[in-house]
Amino acid sequence: MPELPEVENVRKQLAPSFVSRTIQEIWAGPNSYFFITPPRQLKRELPGKKVRALARHGKYLVATLSDDSQLLLHLGMTGQLTTQVQEQDRHLHLIFKMSRGKTIYFRDVRKFGKVEWIAPGESSTRLEKLGPDALELEGEALYRASRNRKIPVKTLLLDQKVSAGIGNIYADEALFRAGIRPSRPSSRLTKSEAIKLAREVRQILALAVSAGGSSINDYMQPNGNEGDFQHLHKIYGKTGETCSECEAKIQRVVLGGRSSHFCRRCQK
DNA sequence: GCACATGTTCTCGG
DNA sequence: CCCGAGAACATGTG
């Protein structure tokens, strides 16, 4: 469910239940795949610490704790952070009991989500690998990253080292709005196209944040509401439908192992 | 059974 | 060491 706009909405909604509260108790399920930091260590380290801030870098949520340690949360494909879950959920992996009566649940059906605790003074290789947040992607930087690369421009956009936060939906949407085919070799991008594409990326992400993200399948905000941006998708998931800007049928190809949607008339 | 799913990481060959 | 392609991870839905 989560690309930058969805994660940003989770961050904003979760903050009141998380920030300025003390972690009183941790419940962690037995799923070793899900935990970078093992459950026993989380149970040992987290209780008693206060959450000072909840930030987002790309698709990662980063909580800073009172001893300057950090807790990284990544939602993977199906992760959900919510303040209202029914107990007895087989996909529940982690529960934070916070001070003053708040509880936060982390559930994840496919378990591609991740939880990692970073000790004070340590740094996370995961965060260090991330490029600039996609809300601030600059055309110049995108152009530089595209030089001497053979990979499709779509795949370049998905590279979190180039820009952190873009996922499959918003990559397709931004390319459609920029009039660039997802299959275009990165090295064939002109500078003015790179500048336009970066602007479309920033714009669509900001719009999607405002709309509460996109809810398709199981994405939900922490309060249980759905986002609205899926109604504004113009290309993603619309294979075979008529393009909103012309009469052509929307095409689907696989690039870098991901479904990619485009209009052969509007995108060159 | 098959295809596919808002993601990341690892392996392999060049 | 860099690059790119493909597989792997775990589970559900149609």
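## A tour of the interface between two domains

Domain 1 and domain 2 together bury about 1,600 Å² between them, and carbon and sulfur atoms account for 55% of it; buried area is the accessible area (1.4 Å probe) that two parts lose on being put together, summed over both. This is a predicted model, in which local features need pLDDT of at least 70, side-chain atom pairs count only at pLDDT 80 or more, and totals for chains, interfaces and linings use all residues. Residues are numbered from 1 along each chain as its sequence is written, chains are lettered from A, and side-chain values use heavy atoms, without hydrogens and water.

Start by selecting 4-128 of chain A for domain 1 and 134-262 for domain 2, bounds that come from an automatic or database domain assignment. Their C-alpha centres are 28 Å apart.

Next, pick out the contacts (heavy atoms within 4.5 Å): 18 residues of domain 1 meet 21 residues of domain 2. Now show Leu4, Glu6 and Gln13, which supply 33% of the area that domain 1 buries against domain 2, more than any other three residues.

What is the salt-bridge count between domain 1 and domain 2? The count is 0, taking a salt bridge as a side-chain nitrogen of Lys or Arg within 4 Å of a carboxyl oxygen of Asp or Glu.

Finish on the domain 1 side. Colour helix H1 (4-18) and strand S5 (79-82), each of which supplies at least two residues to the side touching domain 2; helices (H or I, at least four residues) and strands (E, at least two) are DSSP runs, numbered from the N terminus. H1 gives the most, with 9 residues.
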